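Subject: Structure handover

Dear colleague,

I am passing on the structure below, followed by notes on what was found in it. Please read them with the model open beside you.

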Amino acid sequence: MNEIVSVEAVTRRFPLNHDRTKNLVSALSEASLHVEAGEFLAIAGPSGSGKTTLLNLIGCIDQPTSGRILIEGVDTSTLSPARMSVLRREKIGFVFQTFNLIPVFTAAENVEYPLLIQGIDSRVRRERVAQALEEVGLSARANHRPDLLSGGERQRVAVARAIVHRPALVLADEPTANLDTHNATQLIDLMHGLNRRLGLTFIFSTHDARLLEHTERIVRLCDGEIQSDTQVQSNTLNEGGIRGQVLASSLS
Amino acid sequence: MGKFLLLAFRNVFRNRRRTIMTLIMVGGGVAGLLLVGGFFARMFWGLRESTINDGLGHIQIFTAEHFNREEKHVLDTGIDNWRQVAATIQAGRHVRGIAPRIEFNGMLSNGVKSGVFMGSAVDPVAENSLGFTPRLESGRDLDSKSGGEIEALIGAGVARSMNVKPGDGLTLLAVTSDGALNGIDVQVVGVVNTGFKEMDDRYLRITLPSAQRLLQSDRVTNLVVGLDRTENTDMVAAELTPSLRGQPQQLVLKKWIDLAAYYKQVRSLFSTIFVFLGVIVFFMVLMSSVNTLLMTMFERTREIGTMLAMGTPRAWIMSLFILEAIVLGVLGAIVGVAGGNLIGFLLNHAGIHLPPQSLWPSTFSTSPA
């Protein structure tokens, strides 16, 4: 299999005050992780464990204090901000906890946005947007603005926006945190279905038990350190299995 | 680009109340400048017409010598064959009339007391036909057909100084064109108040034949040309210049703007004030717009972050905000132009003239363009 993401001994420290050299707090310590194409990987852990920091680093939104991250073999630490921007634009799709849709754009226009900034022809854009909205089951809501959509629908629009340009990697930061059980389950099924049907690589952070039920691999973070990296077999899908243990420990 | 323009347009109306307030601010500034500009334009127009109709005329003809040297004798730089010159000019297009004038000075006396005067001699019929009427405080204007006494108009200061009133007599003394001293008795028929004390203290006006008799000369100092419209001045001046070249004397043509020093000073002063006002209003509007744009930027940090995370180039984000500022500015300008014109239309239709027409005492012989 192709390696999509390689996190190599990455540390990220943040300054606590204006003096950026003193009082550094470590959000991530010596984390290493390798993700193959087509994986559906969960980063689990309690609040403050470093999940979002790790996702931001993989998504090239932030840069590590030490260590390096490779996306499809490209060392992101060597890239200029402009090249990083291009890499994000072409290789990565983002799904945010609070949806982060552009409120004055319709669902279709929001989905179209990543194609727009890539300079793709309008005819191709229309086709891809229609396809992506169909994938997430929102073709009928294409011309609705976000404020006229439910929370679940908004997050599905965000998923469509993340996959419309066929990225190598989709990063989702707590995608179900603002959804009720019904919508969260629908979203998990949707993401898992996209992972299987389109072969898209998903990395998402969560402490949602419902989401962990569908993952094949769970990376557990605690206090900025990777505590465990577990491949879950389908025959362990039960309360007392590895998922239950990982979930129980991640929420503790 | 189309989508970004759409995004900018929709963003502008995201917070409608704030946008409307900003548009009112920008539009108010533009409308205010339009109205002030209109006020000043009307004031300049009024001052221009007032200056011209107070006796300056649209064009004046002199001999070239008049500007090259001082007179050795009275009227030795005057126009000799002025009747022919006047006839030539009168034949031109847009010429409404020509008024010959003599500028001279001398002494006047009431028998007890004497003083100096700065006199002008005019053809009352020609002056009246061009709308040049003296501002009479008492009495009447000169009558060219009067066969008896030589009539004179004097300034209010002269009347006070000489203790005379309409109906009283004065003696004028002046040096003739060949250097001799000459004198005539005149009857005061009117007292003029020009509005300028210095002028009223020396003002005297008599008819052209009377002055020519006093000065023993058939010449005139200049010819004042009145046109149908001030806007035609440049065109008529261009047409007249070649025809003046064929005259025995070298004649020069001066447009009203060349002679209206006061008008130019006032215009320069008010233009500076207008620019100053414009700069103040511009900065007020700018600060208001910048404030609105900064507020929208701070409110949309999450959105900007999302756009950057998705790989939007920073220049595009900057362009988006600039585009929003342009949309806001253009809409504000449209509101301002529409509002300014509407207010101007309503003021004009309500009969409210800014500045009031009574500010300009003389009768307008022309209408604004």
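A residue is called buried if 20 or more other C-beta atoms lie within 10 Å of its own, exposed if 12 or fewer do, and partly exposed in between, with the C-beta atoms placed from the backbone. This is a predicted model, in which local features need pLDDT of at least 70 and side-chain atom pairs count only at pLDDT 80 or more, while totals for chains, interfaces and linings use all residues. Residues are numbered from 1 along each chain as its sequence is written, and chains are lettered from A and ligands numbered from 1 in the order in which they are written. Helices (H or I, at least four residues) and strands (E, at least two) are DSSP runs, numbered from the N terminus.

Ala338(B) belongs to helix H13 (residues 314-349) of chain B and counts as partly exposed because it has 13 C-beta neighbours inside 10 Å. In sequence, Ala338(B) and Gly27(B) are 311 residues apart, yet their C-alpha atoms are 8.7 Å apart in space. Most residues other than glycine have a negative phi. Ala9(A), which is not a glycine, has a positive phi near 45°; Ala9(A) sits in strand S1 of chain A and, with 12 C-beta neighbours inside 10 Å, counts as exposed. Gln216(B), also not a glycine, has a positive phi of about 55°. Gln216(B) is placed in the loop between helix H8 (208-215) and strand S9 (222-227) of chain B, and its 16 C-beta neighbours inside 10 Å make it partly exposed.

Next come the sheets of chain A, where two strands pair if DSSP finds at least two bridges between them. An open sheet of 6 strands in chain A has the order S6-S7-S8-S3-S9-S10, with mixed pairing. S6 and strand S10 (225-231) of chain A are at its edges, each with a single partner strand, so one side of each has no neighbour in the sheet. From one strand to the next, the twist averages 15°, where angles run from 0 to 180 degrees between N-to-C directions and axes are lines fitted to C-alpha atoms, for helices over the stretch in contact. Helix H5 (residues 151-163) of chain A packs on this sheet and touches S6 and S7 of chain A, its direction making about 170° with that of S6(A); here, residues are in contact if their C-beta atoms, placed from the backbone, lie within 7 Å.

Within this sheet, strand S7 (residues 169-173) of chain A is mostly covered, with 5 of its 5 residues buried. Leu169(A), Leu171(A) and Asp173(A) point one way from S7(A), whereas Val170(A) and Ala172(A) point the other way. Strand S6 (residues 92-95) of chain A runs parallel to S7(A) and is joined to it by 4 bridges, with Val95(A) opposite Ala172(A). S7(A) is likewise joined by 5 bridges to strand S8 (residues 201-206) of chain A, in parallel, and Val170(A) stands opposite Phe202(A) there.

A further open sheet of chain A has 4 strands in the order S2-S1-S4-S5, paired antiparallel. Strand S4 (residues 66-71) of chain A and S5(A) are joined by 2 bridges, and Ile71(A) stands opposite Val74(A).

Helix H2 (residues 16-56) and helix H11 (residues 261-299) of chain B pack at an angle of about 175°, with their axes 10 Å apart. H2(B) and H11(B) are therefore roughly antiparallel to each other (angles under 35 degrees count as roughly parallel, over 145 as roughly antiparallel, 65 to 115 as roughly perpendicular and the rest as oblique).

Finally, the two chains meet where 14 residues of chain B are in contact with 16 residues of chain A. Helix H1 (2-12) and helix H12 (301-309) of chain B each supply at least two residues of the side that touches chain A.

With best wishes
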